Amino acid sequence: MRLGIIADTHGLLRPEVFTIFEGVDRILHAGDVGELDLLTELEAIAPVTAVWGNTDGFDLRARLPEVVETRIEGFDFLLLHGHQLGVPSAEKLNRKYPTAEVIVFGHTHKPLLVLVDQVVTVMNPGGAGPRRFDLPASVGIMELEAGIPPRARLVPLTGMGGE
């Protein structure tokens with residue numbers, strides 16, 4: 001199974017996301033979506049699981065959970081924005097959610113892909129929306145196969161949308 005991982009769109013869905021996410025089986029959005037219509041656009045690519053982030057309005061908070069714990073291809077996933085921890089880090093998230101095998105979060109806009117305790121994959125795809133904090137826009141791709149640790153990579157968004 002191939003997952004598209006995205007966060008911090010803040011209402012901007014860059015055109016290159018459609019190309020990068022072509023062929024994904026599912027999309028995980030780690031909050032600060034911006035507009036409900038953005039999720040509809042992503043659903044044209046693949047089914048979307050999303051959480052709300054600290055800048056999302058009441059309309060999104062009414063329709064999306066704050067945290068999702070789910071099983072995907074045999075892995076226990078945690079999807080959240082990360083604002084719940086102030087400044088989230090891989091270690092803080094792993095301590096707070098010790099049963100998660102894959103943790104996907106946003107909030108910091110800093111792309112991150114690390115292993116914690118050699119078995120927990122933690123990914124922040126970075127901010128995919130308007131450029132903030134002088135950080136490059138990016139998303140993630142994760143491939144899952146039962147019995148094999150997740151394979152993942154961060155993908156920079158280099159188009160003109162919102163730069």
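A residue counts as buried under 20% relative accessible area, as exposed over 50%, and as partly exposed in between. Phe-18, at 32% relative accessibility, therefore counts as partly exposed. Keep in mind that this is a predicted model.

**Around Phe-18**
- You'll find Phe-18 in helix α1.
- Setting aside residues up to four places away in sequence, Phe-18 touches Leu-13, Glu-41 and Ile-45.
- Ala-44 sits 26 residues from Phe-18 in sequence, and their C-alpha atoms are 9.3 Å apart in space.

**The nonpolar cores**
- The largest nonpolar core has 23 residues, and those touching the most other members are Ile-6, Val-17, Phe-21, Ile-27, Leu-39, Leu-42 and Val-139.
- Two or more residues of this core come from each of α1 (16–20), α2 (36–43), β3 (48–50) and β9 (138–145).
- With three residues, α2 gives the largest share of this core.
- Beyond its neighbours within four places in sequence, Val-17 is in contact with Ile-6, Leu-42, Val-139 and Leu-157.
- Another core lies apart from this one, with 16 residues including Leu-28, Val-51, Phe-75 and Met-142.

**Strand β8 and its partners**
- In strand β8 (residues 120–124), five of five residues are buried.
- Val-120, Val-122 and Asn-124 point one way from β8, while Thr-121 and Met-123 point the other way.
- β6 (residues 102–104) runs parallel to β8, joined by three bridges, and Val-104 stands opposite Met-123.
- β7 (residues 112–116) pairs with β8 in the antiparallel sense over five bridges, with Val-116 opposite Val-120.
- β7 and β8 make a hairpin with three residues between them, and Asp-117 in the turn has a positive phi of about 55°.

Notes
Residues are numbered from 1 along each chain as its sequence is written. This is a predicted model: local features need pLDDT of at least 70, side-chain atom pairs count only at pLDDT 80 or more; totals for chains, interfaces and linings use all residues. Side-chain values use heavy atoms; hydrogens and water are left out. A nonpolar core is a set of buried Ala, Val, Leu, Ile, Met, Phe, Trp, Tyr and Cys residues joined through side-chain atoms within 4.5 Å. Buried means under 20% relative accessible area, exposed over 50%, partly exposed in between (1.4 Å probe, protein chains only). Helices (H or I, at least four residues) and strands (E, at least two) are DSSP runs, numbered from the N terminus. Contact means heavy atoms within 4.5 Å. Two strands pair if DSSP finds at least two bridges between them.
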